[in-house]
Amino acid sequence: MLRKHSLLRSTPKQVSLFFVSHFHSTLFTPSPKQVFQTHWWGYPKSFKPSFTFTPFCRHSVSTLHSGSSVEQIEDDEVIERDVWMKMKDEARFDVTVEPILSSYYNTSILSHKSLETALANHLAVKLSSASLPSSTLSDLFVTVLETDEAMMGAVKSDLVAVKERDPACLSHVHCFLNFKGFLACQAHRVAHKLWLQRRKVLAVMIQNRVSEVFAVDIHPGAKIGSGILLDHATGIVVGETAVIGNNVSILHSVTLGGTGKVSGDRHPKIGDGVLIGAGTCILGNIRVGEGAKIGAGSVVIKDVPPRTTVVGNPAKLVGGKNNPVKLDKIPSLTMDHTSHISDFYDYCV
């Protein structure tokens, strides 16, 4: 399936901006030597991947282009298929380094026929309790995951996003097994599907277990796109009517909440490519425009224009309302929290 991403639609007052993902637009099949040098850095020469990997470039393009249309086309099926195969090779390598983990890796990764069954099993083990056995949860999760190709595409995009954007991530399998932000996001995807099927009691139960186990509280009604990074993730709260776009990066202790007890559409809408710093509160039915950056510790209660930076409590536009500084790179991909924000202050601590 070919897919195009766009940030904004052009208007008479607004130049065209198209979202350019961090995947390379031209896929090629390298030689085994190129594969090893490009994707298996740090591994001993004796270790060889068992497949020919079609690489995706790390932040190959992370610029917001203006003036002309920029289109990004990617072969999703190739990328998504190779993610699972690469995970299995990474798992085999980890076992050679730490044989004590062989049983754990075999149960979690190597014994499974697909990413769907591996993820269902891993989430079930993490979220099970004395009265809620892992076998019951695993059957539920695998049924949802295996019948929703779009959801699995988002899962694989999330895996790639974490590996590409988080320097602390050692490998895709490391993210899959150990990153609670990734796991909480995938559990939410299952809960959201159940919510849409009107199985709300079951969806809320999963939300509660995720909150208890991972300290991430995402209402099952919230809508979340693909390519999501929940970095560290502890303390993230997302309300029922919140919407999070594609390729968004969110740090810990972020709240996407309401401003009172009014019912209805009452939570923030986060555009594609947004970076939200740690400890930020975004409150009310407001929109954070595509490619915007929210500085750590900010309290946002008004709309944020696309490609701008806001910081502070209450949050203010860097550069001012009449002439805000415009970002030329996608902040969620660069993970740059400080550029332009330093210009906002006239003193140093």
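Phe 141 touches Ala 120, Leu 123, Ala 124, Leu 127, Val 190 and Ile 206, leaving aside residues up to four places away in sequence; contact here means heavy atoms within 4.5 Å. The model is predicted, with local features requiring pLDDT of at least 70 and side-chain atom pairs pLDDT 80 or more, while totals for chains, interfaces and linings use all residues. Residues are numbered from 1 along each chain as its sequence is written, and side-chain values use heavy atoms, without hydrogens or water.

Together with Phe 176, Phe 141 touches the most other members of the largest nonpolar core, which has 77 residues. Such a core is a set of buried Ala, Val, Leu, Ile, Met, Phe, Trp, Tyr and Cys residues joined through side-chain atoms within 4.5 Å. Helix H8 (residues 180–196) gives the most to this core, nine residues.

Helix H4 spans residues 115–127. Its 13 residues reach 18 Å from first to last C-alpha, close to the 18 Å expected, where the expectation is 1.5 Å times one less than the number of residues. Because 11 of these 13 residues are buried, H4 is largely enclosed by the rest of the structure; buried means under 20% relative accessible area (1.4 Å probe, protein chains only). Among the buried residues are Ala 120, Leu 123, Ala 124 and Leu 127, which Phe 141 also touches.

The protein as a whole contains 10 helices and 17 strands, taken as DSSP runs numbered from the N terminus (helices H or I, at least four residues; strands E, at least two). Of its 349 residues, 53% are buried.

How values were computed. Buried < 20%, exposed > 50% of the residue type's maximum accessible area, 1.4 Å probe, protein only.
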